Amino acid sequence: QKAGSMGVMAMKSELFGTADSDGTKVLEYDEFASMLERMEVDLSEDEVTELFDFFDRDHSGDIGFDEFVRSLKGELPRFSSSVDFGGAHRNTMPSAMSKISAATPKFDAA
């Protein structure tokens, strides 16, 4: 199975859409924190806040899809090296990778 760039983008879109529980097309802090919790990403409250602030590139208090995707392409904060959002971040720790891989939707590129 080859997951092309469209498949990866669809996976990110699915992850974002699932996290956007109120359908506002942005992730508020609570939605972002809940997404990490559902993915069983074990971060302290301070780390969740730092990661949210990193994704909230325009400092508006919420994360739009474009910010979400741009942040996944960038260098994540050092503490979050074990966080992998749909293959967007490499050099991850296998234990966290397996939890996130299990939680993210799978796409058949065939």
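Biologist: Arg 70 and Asp 66 in helix α4: how many residues apart are they, and what does that make in helical turns?

Modeller: They sit four residues apart in helix α4, residues 65-73, so about one helical turn separates them. Keep in mind that this is a predicted model.

Biologist: What do the side chains of Arg 70 and Asp 66 meet in?

Modeller: A salt bridge. The N to O distance is 3.6 Å.

Biologist: How many salt bridges does a search of the whole structure find?

Modeller: One.

Biologist: Staying in α4, what about Glu 67? Buried or exposed?

Modeller: Buried. Its relative accessibility is 4%, and the cut-off for buried is under 20%. Glu 67 also belongs to helix α4.

Biologist: Which residues does Glu 67 touch, leaving out those up to four places away in sequence?

Modeller: Phe 55, Asp 56, Arg 57, Asp 58 and Asp 62.

Biologist: And how far is Glu 67 from Phe 54 in space?

Modeller: 9.4 Å, C-alpha to C-alpha. Along the sequence, Glu 67 and Phe 54 are 13 residues apart.

Biologist: Let's zoom out. How many helices and strands does the chain have?

Modeller: Five helices and two strands. Read along the sequence, the order is α-β-α-α-β-α-α.

Biologist: How much of the chain is buried?

Modeller: Buried residues account for 38% of the 110 residues.

Biologist: What share of the contacts between residues at least 6 apart in sequence joins residues at least 24 apart?

Modeller: 47%.

Biologist: Back to charges. Which residues gather in the patch of negative charge on the surface?

Modeller: Glu 45, Asp 46, Glu 50 and Asp 53.

Biologist: Take Asp 46. Where is it, and is it buried or exposed?

Modeller: Asp 46 is in helix α3, which spans residues 45-55. It counts as exposed, because its relative accessibility is 63% and the cut-off is over 50%.

Biologist: Now the backbone. What is phi of Lys 25?

Modeller: Near 70°. That is a positive value, and Lys 25 is a residue other than glycine.

Biologist: Where does Lys 25 lie?

Modeller: In the loop between α1, residues 5-19, and β1, residues 26-27. Lys 25 is exposed, at 64% relative accessibility.

Biologist: What about phi of Glu 40?

Modeller: Positive, about 60°, although Glu 40 is not a glycine. Glu 40 is in the loop between α2, residues 29-38, and α3.

Biologist: Is Glu 40 buried or exposed?

Modeller: Exposed, at 54% relative accessibility.

Biologist: One more. Where is Arg 38?

Modeller: In helix α2. Arg 38 is partly exposed, with 46% relative accessibility.

Biologist: How far apart are Arg 38 and Ala 19 in sequence and in space?

Modeller: 19 residues in sequence. In space, 9.4 Å, C-alpha to C-alpha.

Methods:
Residues numbered from 1 in each chain as written. Predicted model: local features only at pLDDT ≥ 70, side-chain atom pairs only at ≥ 80, totals over all residues. Heavy atoms only, no water. Patch = residues over 30% accessible without salt bridge, like charges linked within 9 Å, V, L, I, M, F, W, Y side chains within 5 Å. Areas by Shrake-Rupley, 256 points an atom, 1.4 Å probe, with all protein chains shown as cover. Salt bridge = Lys/Arg side-chain N within 4 Å of Asp/Glu carboxyl O. Lys, Arg positive; Asp, Glu negative; His and termini not counted. Charge placed at Lys NZ, Arg CZ, Asp CG, Glu CD. Buried < 20%, exposed > 50% of the residue type's maximum accessible area, 1.4 Å probe, protein only. Contact = heavy atoms within 4.5 Å.
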